[in-house]
Amino acid sequence: MNAFTTKNWEEKIVSGTEGSGPRVAYAHATFAYEGVIEGESVCDLLLYYAGEGYESGETTSPCFERFEGKVDGREGTFIVRHEYTFDAKGIASTFTVVPGSGTGELAGITGRGTAGGAMGEDKVGYTFEYAF
């Protein structure tokens, strides 16, 4: 199974007020991956909340995530750009590998994928189609 778990999540509001009206927050997270991607990542997200909590409807979050580990047995690093949506039910993302970001044996990697799952679940599933 292709999945990742959250190891760490640090979030702070950068514009607006907690619990009222639109606000923007920044989150810095680390994830552990298993499946076609094996390793860890560091992710920086810019979160938009339309209202209080997740009950305010669908929100969006662009972010960059840097992977370190293996893909198909090849070791190195690469960066993807996500566009997340989330609400009280769960999260969903589409992502693409940033061109030229692969290092080591992952130099030249290209690809795209999806991630998604229910809010509060330990593991989030993902798909990843790639080429070298």
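**Group meeting: aromatic rings and a surface patch**

Let's begin with L46, which lies in strand β3, residues 37–49 (strands are DSSP runs of E, at least two residues, numbered from the N terminus). This is a predicted model, where local features need pLDDT of at least 70, side-chain atom pairs count only at pLDDT 80 or more, and totals for chains, interfaces and linings use all residues. Residues are numbered from 1 along each chain as its sequence is written, and side-chain values use heavy atoms, leaving out hydrogens and water.

L46 is partly exposed at 44% relative accessible area (buried is under 20%, exposed over 50%, partly exposed in between, with a 1.4 Å probe and protein chains only).

Now, the rings. How many aromatic pairs does a search of the whole structure find? There are ten, where ring centres of Phe, Tyr or Trp (its six-membered ring) lie within 6.5 Å, and planes under 30 degrees apart count as stacked, over 60 as edge-to-face, the rest as tilted. One of them is F4 with F31, edge-to-face, 5.0 Å centre to centre with 70° between the planes. F4 sits in strand β1 and F31 in strand β2, 27 residues apart. F4 is buried at 3%, and F31 is buried at 4%.

Y33 and Y126 are also edge-to-face, because their centres are 5.3 Å apart and their planes at 65°. Y33 belongs to β2 and Y126 to β8, 93 residues apart.

Ring pairs link a cluster that includes F4, F31, Y33, Y126 and F132. Finally, have a look at R74: its charged end sits over the ring of F132, 3.8 Å from the centre (the cut-offs are CZ of Arg or NZ of Lys within 6 Å of the ring centre and within 35 degrees of the ring normal).

Technical notes. Helices (H or I, at least four residues) and strands (E, at least two) are DSSP runs, numbered from the N terminus.
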